[in-house]
Amino acid sequence: MIGGEVNYYIPNRFTDGYGPNTAAFERLIEQGTQLILTCDNGVSGHTAIDRAKSLGIDVIITDHHELPDTLPDAYAVIHPRHPKGSYPFGELAGVGVAFKLATALLGEIPIELLDLVALGTIADLVLLTNENRALVKQGLLILKNTQRMGLTALFKSAKIKREEIDEETIGFIIAPRLNAVGRLGDAAPAVELLTTFDDETALALAQLVQEKNTERQAYVSTITNEAFEMIEKLPTASDVYVLAKEGWHEGVLGIVASKIVGKTGKPTLVMTIDNAKGLAKGSGRSIAAFHLYNALDSVRQLTTTFGGHHMAAGLTVPIENIALIQDNLNHYAAETGLSEELGEEIQVDGQLKIQEATVEVVEELNQLAPFGTDNLKPLFLFKNVESQEVRRIGGDQAHLKMKLVEDNTFLDVIGFQFGSVADEIGLYSDVSVVGKLAINEWNGSRKTQLMLEDLAIEGVQVFDSRSTQIPAALCNTEQADFIFFDQLNFEKYGHLLPDTSFSHHLTDGAAIDQFEMKTTQLIFVDCPSDSEWVKELLIANHPEKIIACFYSREELYLNGIPNRNQFGQVFKYIATHVDIDVRNKLTLLATHLKIKENNLIFIISVFLEIGFVTITDGVMNVVKDVQKKELEQTTTYKKRLKQIESENFFVYSHFSELESWMKQQANATL
């Protein structure tokens, strides 16, 4: 803007590292560069800066990182915490320091550049307080009306509505896309996108950025899945995860580490192995209770290089030392008492009733925006509320959507990357949730919704898997106790279960009394003959999760009890025929008598019990002159009534009724 002939150079993270690089400086100077001005780096670049000076080239440093004891011998070091300065706010981002230099050079505040300041400040995760907050707040206004062709094209490709742009748009949509370019290779296209004055170039670069972000997401997804598979296969529990594999893309390992920390609450190092060099290189992320730099300092002798701070680090280590580093970091965590404090902490700002979470309340809270580091968006707890309409959403079913209900008031909830949790929340479950309030606008309607941060499921969970058949997926359930009451079902499915699950065939009260769960999950595969059996199992074992399948192979409730006319019809036939082949001709007999086959079997069983008939080698005959007996008093008849009663309740009752009853039994004591 003031006439300089400007070029730029961004160090390639894979070949140049992150700061001033001597070879790069020499190359730039050889190409005719007469002044080097750094942005967001340089205070530790002594060697490269000395080399530039020896070649007669001045270097001006603008940086905001931690100052070393000795500053480089540069023409100038511009830093908000410079020991010889007295700047009132020392937490400017690198882009903020560059903006201050631009302001000084121009002699006035370049308001039109504040869109870039907002982007860089939010993306750098610096404190969003004091001057940073003011810069971002003003920058967001400029960003909504920016004339930059590249940003306009990026908004279009990312489906961003200008009027809805806020700090979250930058943090979760814009910044990750711009960063993806440098994570996967040369970051120059991102600079070109932000500075171009050509429409076609802007559209092409925006498309490239979008493609790189998609590529980055694919890398992250693949590596994250592989990393979690490695965690599952670890022979022993670990307080700190050290994960390494050949072929992992170095540029996304910090993101992967963050995802693992977010899900497990444990500090994590993720590295890619280079067998040719004999080294593993990667990134680490941590939690508040575990100072990652100090932990790595305790194993310094096992590393080639490392650097970082409390929550993040980068390191390179010899391959043969990976296991030693894992062991030593676990020992460090235990020795310092940190292993007992592991787990992600969430600072809750307040507890609300659903009826208090109004649009007006959210609008009032938004006056505190922009939110970010050290000015976090308030987190609210909604305790012991009912969940409804729980389901997975998204193309990959990765997200959770549900409603919370309290005193007949509803609150919509969206949980990004909480999709798997949907499988753990039963219908009408008692849950406590923590999240951030937002306003959802749709077709002119505005209502409050909660962006989920964490969730606790209170008490035992009951899931409805009742169907006209046993669901195939049920047999894939890991770490569960499968209860079979029906022998045929047990023989058919019991051997198909995963090695981590257990099958139990329970046929009478004695087996029920002796049963002990081996897991925390109880699956009732089929329907019991007596509802008391389920009651006793739940009271004695207190499962944390119950899956109600209760498959009924015979459908006794639907078939009912044969009436007296049917009993009489069958007896009359038996009395007038001899040597009836019930082993081979039962189906023909049922068809002839127009009685369902399982009902015919039941009638014959009752007759057999009271001595009306005999069956020898599958051949049935009537017994003459038998004393009359009441059919209803037979054990077979009474058992059938209990089976029908059991099936009526477990298979055909409304799930809310069944759920309430099962929770009551599981929470009861003997």
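View 1. Q461 is buried, with a relative accessible area of 4%, where buried means under 20% relative accessible area, computed with a 1.4 Å probe and protein chains only. This is a predicted model, in which local features need pLDDT of at least 70 and side-chain atom pairs count only at pLDDT 80 or more, while totals for chains, interfaces and linings use all residues. Residues are numbered from 1 along each chain as its sequence is written, and side-chain values use heavy atoms, leaving out hydrogens and water. Q461 lies in strand β15 (residues 461-464), strands being DSSP runs of E with at least two residues and helices runs of H or I with at least four, both numbered from the N terminus. The side chains of Q461 and S429 are joined by a polar contact of 2.7 Å, that is, a pair of N or O atoms within 3.5 Å, one able to donate a hydrogen and the other to accept it, with residues adjacent in sequence counting only if both atoms are side-chain atoms. Leaving aside residues up to four places away in sequence, Q461 touches E424, I425, G426, S429, E544, K545 and I546, a contact meaning heavy atoms within 4.5 Å.

**View 2. The open sheet β20-β22-β21.** Three strands, in the order β20-β22-β21, form this open sheet with antiparallel pairing; strands pair if DSSP finds at least two bridges between them. At the edges are β20 (580-581) and β21 (613-616), each pairing on one side only. Four bridges link β21 to β22 (residues 619-622) in the antiparallel sense, and V613 has V622 in β22 as its bridge partner.

Notes:
Buried < 20%, exposed > 50% of the residue type's maximum accessible area, 1.4 Å probe, protein only.
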